[in-house]
Amino acid sequence: MQGASGAGQGHPGAAQGQPAKQNPRGWVMLALLVAIAAVLLIVFPAQREPSLNAFWQFLVEMMTVMPAVLVIMGLFAVWVPKEAVNRHMGRGSGARGLALAVVFGTLPTGPLYAAFPLTKGLLDKGASPANVFVFLAAWACIKVPQELIELQFLGWRFTVARFGFTVAVIVAMAFVFQWLLGERESDVADRV
Amino acid sequence: MNITVLSINAIAVACVIVSLVKDRQKTVQAFRAAWRSGVSLAPTLLGILVLIGLLLGFVPAETIGRVVGEGSGVTGVLTAALLGSVLHIPSLVSFPLGGSLIAAGASATVVAVFITTLTMVGFVTLPMEIRVLGKRFTLLRNGLSLVAAVIIGVLVGAVV
């Protein structure tokens with residue numbers, strides 16, 4: 001898993017209008033990983049074919065969809081400005097607020113930590129903790145453009161099931177969250 | 001070329017055309033953003049592909065099945081939840097990884113729990129979240145997200 005660590009900062013949509021972020025650590029890790037893989041494959045020739053086959057198969061699957069998904073994510077980043085999210089969610093309450101939280105959570109691109117400052121703004125403007133919980137959860141794991149990649153690798157059934165259950169469970173959890181946050185909710189709002 | 005690949009690319013082309021008609025400048029910006037994302041994701045994506053190759057080539061399917069397969073039960077779910085919470089990899093990358101695990105015999109429940117915790121629960125970003133949103137909010141959110149991930153995983157496993 002080492003090859004993956006620290007890659008979070010190089011996430012789509014996080015840096016809009018800034019120069020490309022260099023990620024030398026990522027490339028060094030990759031080189032290291034390739035070297036280890038090469039040694040393993042030389043030492044164990046029997047594993048060479050299945051390993052290379054699997055690598056090649058997933059590489060092809062990746063290359064046939066990744067450019068399209070990256071372009072869609074780029075379009076989302078320029079057409080769904082974060083201010084719009086802020087404007088509409090601030091006053092959201094009740095069922096409408098929850099629905100908006102799901103919709104707005106799934107639209108923008110970027111890693112979860114890019115949503116923290118936005119969340120703070122929402123709480124400041126009086127969004128309920130339940131809505132904010134739903135917004136963060138939807139932002140985290142049901143991004144619309146990314147679902148396309150999920151479709152490619154995990155299939156229709158899995159993707160639709162995970163999407164549906166995620167919405168249902170996070171809405172239910174949101175109320176538990178609000179209830180547990182309890183009377184100190186105002187403290188939190190004050191602090192943030 | 002399967003139907004998923006064709007639809008995804010068709011959607012992308014349609015979006016680009018609509019965007020071009022509405023605003024050329026913004027479309028160029030979007031392509032720049034896409035290129036930047038691609039460049040910064042590339043080492044991670046390639047690294048995961050190498051790992052997938054090694055995983056499927058070296059680890060026998062029975063072993064993967066025993067650790068995170070249908071019969072792995074609570075242990076498999078907890079392993080996935082722990083790994084998903086601690087690891088910090090983009091969710092885009094988690095889908096091919098999840099696909100390879102399922103191909104090797106992992107259960108849908110385990111993969112759903114892994115993907116959900118990977119994205120919703122972040123040990124690495126805890127300090128950042130606490131700084132912005134406060135300790136109580138952060139710990140409650142991450143704790144409940146962990147519980148939510150397990151419930152989602154069990155439900156997904158029940159229908160897939």
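Helix α6(A) passes helix α6(B) in a right-handed crossing, a crossing being right-handed if the near helix is turned clockwise from the far one by less than a right angle, and left-handed if anticlockwise. Helices here are DSSP runs of H or I with at least four residues, numbered from the N terminus. This is a predicted model, in which local features need pLDDT of at least 70 and side-chain atom pairs count only at pLDDT 80 or more, while totals for chains, interfaces and linings use all residues. Residues are numbered from 1 along each chain as its sequence is written, and chains are lettered from A in the order in which they are written.

Two packed helices are described by the angle between their axes and the distance between the axes. Axes are lines fitted to C-alpha atoms over the stretch in contact, and angles run from 0 to 180 degrees between N-to-C directions.

From α6(A), A137(A), A140(A) and C141(A) meet I115(B), T116(B), T119(B) and M120(B) of α6(B). Residues are in contact if their C-beta atoms, placed from the backbone, lie within 7 Å. Five residues of this contact are nonpolar, two are polar and none is charged. Ala, Val, Leu, Ile, Met, Phe, Trp, Tyr, Cys and Pro count as nonpolar, Asp, Glu, Lys and Arg as charged, and the others, Gly among them, as polar.

A second pair of helices joins the chains. Helix α7 of chain A (residues 144-181) and α5(B) pack at about 15°, with their axes 8 Å apart. That angle makes α7(A) roughly parallel to α5(B). The crossing of α7(A) with α5(B) is right-handed. Among the residues making the contact are F153(A) and L154(A) of α7(A) and F95(B) and P96(B) of α5(B). By class, the contact has seven nonpolar, four polar and one charged residue.

Over the whole interface, 75 residues of chain B are in contact with 81 residues of chain A. Which helix of chain B gives the most to the side that touches chain A? α2(B) does, with 27 residues. This side of chain B has 48 nonpolar, 22 polar and five charged residues.

Notes: Helix = DSSP H or I, 4+ residues; strand = E, 2+ residues; numbered from the N terminus. Contact = placed C-beta atoms within 7 Å. Parallel < 35°, antiparallel > 145°, perpendicular 65-115°, else oblique.
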